[in-house]
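Hi everyone, thanks for coming.

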Amino acid sequence: MNSYWAQWSAYLPIAIAAAMVLFGPLWSLTRHAVTLVHEAGHAIAAVVTGRRLTGIRLHSDTSGLTLSRGKPRGPGMVLTAAAGFLAPSLLGLAGALLIAAGQLPVLLWGAVALIVAMVPFIRNVFGLLVLVVCGSAIGVVAYYGSPTLQLHFAYTAIWLLLFGNLHTIVEAARTRSGRSDLDQLRSLSHLPRFVWVLLLVAVAVGTGVLAWRAQYLG
């Protein structure tokens, strides 16, 4: 049990992150950060699988869109479609593991670098505003914040991604617009939506458990 667990304030990041997701007025703002990472996941998967990334849009209604060119079907397209719902959970877990390894500065400045790397691909003003706000907030904390502030900030962001991603998966499962990532995955893989929902929820919950262990039991 590490020293961070011994302090009552260790619970604050989870409580704050839960409020950011469960309290509607806050969620309408904080969801933009989750959407940013969601779209970053699509973008990274597209590049890794050999697709050509052509643009990213982040909208004021907290939705987003990532466009890429390449084969319309196949494993690469499936991975690109699935990566949006995988990225926030995986990034949250990676963040918890980096902190547990004593690499908090790497986490914070790595997040800034990821946001900066997205700037050339943003195709709307609101999307650019989201990147500037998020990148500036992380950069200010990384440069000026005390170690305690940096730790609390990072853990709050981690749990926002973990809780927020699970929330968006459940929301997507309840929505049948025919245009969601789940609908695209069903079409590409011929697996039912509920199978994808179960898989994505399992990943979201599993990464949350592992992040908890890294934070409190590491």
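This is a predicted model: local features need pLDDT of at least 70, side-chain atom pairs count only at pLDDT 80 or more; totals for chains, interfaces and linings use all residues.

Residues are numbered from 1 along each chain as its sequence is written, and side-chain values use heavy atoms, with hydrogens and water left out.

First, the annotation. An unreviewed UniProt entry places "transmembrane region" at residues 6–27, 77–100, 106–122, 129–146, 152–173 and 194–212; the positions are in the numbering used here, feature names are shortened, and annotations may be inferred rather than shown by experiment. Residues 77–100 are 100% helix and 0% strand, with end C-alpha atoms 34 Å apart. Helices here are DSSP runs (H or I, at least four residues) and strands are E runs of at least two, numbered from the N terminus.

Now the helix pairs. Helix α2 (residues 24–48) packs against helix α3 (residues 75–100) at about 130°, with axes 7 Å apart. Axes are lines fitted to C-alpha atoms, for helices over the stretch in contact, and angles run from 0 to 180 degrees between N-to-C directions. The two helices, α2 and α3, are therefore oblique to each other; under 35 degrees counts as roughly parallel, over 145 as roughly antiparallel, 65 to 115 as roughly perpendicular and the rest as oblique.

Who touches whom? In α2, the contact residues include Val34, His38 and Gly41, and in α3 they include Leu79, Phe85 and Leu91; contact means heavy atoms within 4.5 Å. The residues of this contact divide into 11 nonpolar, five polar and no charged. Ala, Val, Leu, Ile, Met, Phe, Trp, Tyr, Cys and Pro count as nonpolar, Asp, Glu, Lys and Arg as charged, and the others, Gly among them, as polar.

Next, helix α1 (residues 12–22) and helix α6 (residues 147–174): their axes come within 8 Å and cross at roughly 40°. Therefore α1 and α6 are oblique to each other. Their contact residues divide into 12 nonpolar, four polar and no charged.

What about α7 and α8? Helix α7 (residues 181–189) and helix α8 (residues 193–217) pack at about 115°, with axes 9 Å apart. That contact has five nonpolar, one polar and three charged residues.

Finally, the rings: ring pairs link Tyr11, Trp212 and Tyr216 into a cluster. Rings of Phe, Tyr and Trp (its six-membered ring) pair if their centres lie within 6.5 Å.

Conventions
Rings of Phe, Tyr and Trp (its six-membered ring) pair if their centres lie within 6.5 Å; planes under 30 degrees apart count as stacked, over 60 as edge-to-face and the rest as tilted.
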